[in-house]
Amino acid sequence: MPSRSPDTPDPGSDLFAYAVLLRALNRELNRATLDFAHQQGLHTTDIHALAMIMDSSAAADGPVTPTHLREELGLTSGAITACLDRLQRSGHVSRVRDTTDRRVVHLVYNPDARALAREYFRPLARATETARSHFTPDQLSTIADFLRALNAELAAAHEKQT
């Protein structure tokens with residue numbers, strides 16, 4: 001576990017310290033994400049959409065639909081169509097009709113594009129694994145619980161605002 005000097009406040013007991021740490025993490029993740037977007041000629045919104053498509057393919061819900069993506073990203077129908085057109089033209093996603101209901105379109109992260117992203121973000125994955133190696137399995141479980149709870153609270157707060 002990383003060491004702290006005796007003069008450094010324990011971030012576990014200081015909300016401001018948490019905020020600083022979360023902003024620093026957000027900056028680093030944004031830097032990597034925006035660099036990837038620039039390299040691929042994509043917009044920031046496109047990257048958010050790609051992340052949702054990738055994450056939904058790993059979830060029990062299965063592939064995401066354009067409507068679900070539009071709702072989650074808070075975009076208009078026209079904006080989501082333009083985003084998906086860019087992602088499809090660039091080879092990142094495909095629109096696939098549902099086999100049981102042809103009116104339903106699923107968004108699929110193409111395997112070659114997924115491999116490209118995996119290669120690009122490999123240093124981030126290595127950094128994550130290195131950081132994880134400093135903690136015990138019980139600590140990692142607590143960290144994961146915290147992140148899930150924080151994400152749920154942030155989503156609930158967003159819902160209240162809209």
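Me: Before anything else, what does "buried" mean here?
Reply: Buried means under 20% relative accessible area, exposed means over 50%, and partly exposed is in between, using a 1.4 Å probe and protein chains only. This is a predicted model, where local features need pLDDT of at least 70 and side-chain atom pairs count only at pLDDT 80 or more, while totals for chains, interfaces and linings use all residues. Residues are numbered from 1 along each chain as its sequence is written, and side-chain values use heavy atoms, with hydrogens and water left out.

Me: Let's look at α1. What does it span?
Reply: Helix α1 covers residues 15-40, which is 26 residues, and reaches 37 Å from its first C-alpha to its last. That is close to the 38 Å expected at 1.5 Å a residue; the expected span is 1.5 Å times one less than the number of residues.

Me: Which residues in α1 are buried?
Reply: Ala17, Phe36 and Ala37 are buried in α1.

Me: What happens at the ends of α1?
Reply: Asp14 caps the N-terminal end, with a side-chain oxygen 3.1 Å from the backbone nitrogen of Phe16. Just after α1, Gly41 takes a positive phi of about 70°.

Me: New topic: where is Asp98?
Reply: Asp98 sits in the loop between β1 (93-97) and β2 (105-109).

Me: Is Asp98 buried or exposed?
Reply: Asp98 is buried, yet it has no salt bridge (a side-chain nitrogen of Lys or Arg within 4 Å of a carboxyl oxygen of Asp or Glu). The nearest side chain of opposite charge, Arg102, is 7.9 Å away; Lys and Arg count as positive, Asp and Glu as negative, and His and the chain ends are not counted.

Me: How far is Leu73 from His48?
Reply: Leu73 and His48 are 25 residues apart in sequence and 7.8 Å apart in space, C-alpha to C-alpha.

How values were computed: Helices (H or I, at least four residues) and strands (E, at least two) are DSSP runs, numbered from the N terminus. A polar contact is a pair of N or O atoms within 3.5 Å; within protein, one must be able to donate a hydrogen and the other to accept it, and residues adjacent in sequence count only if both atoms are side-chain atoms.
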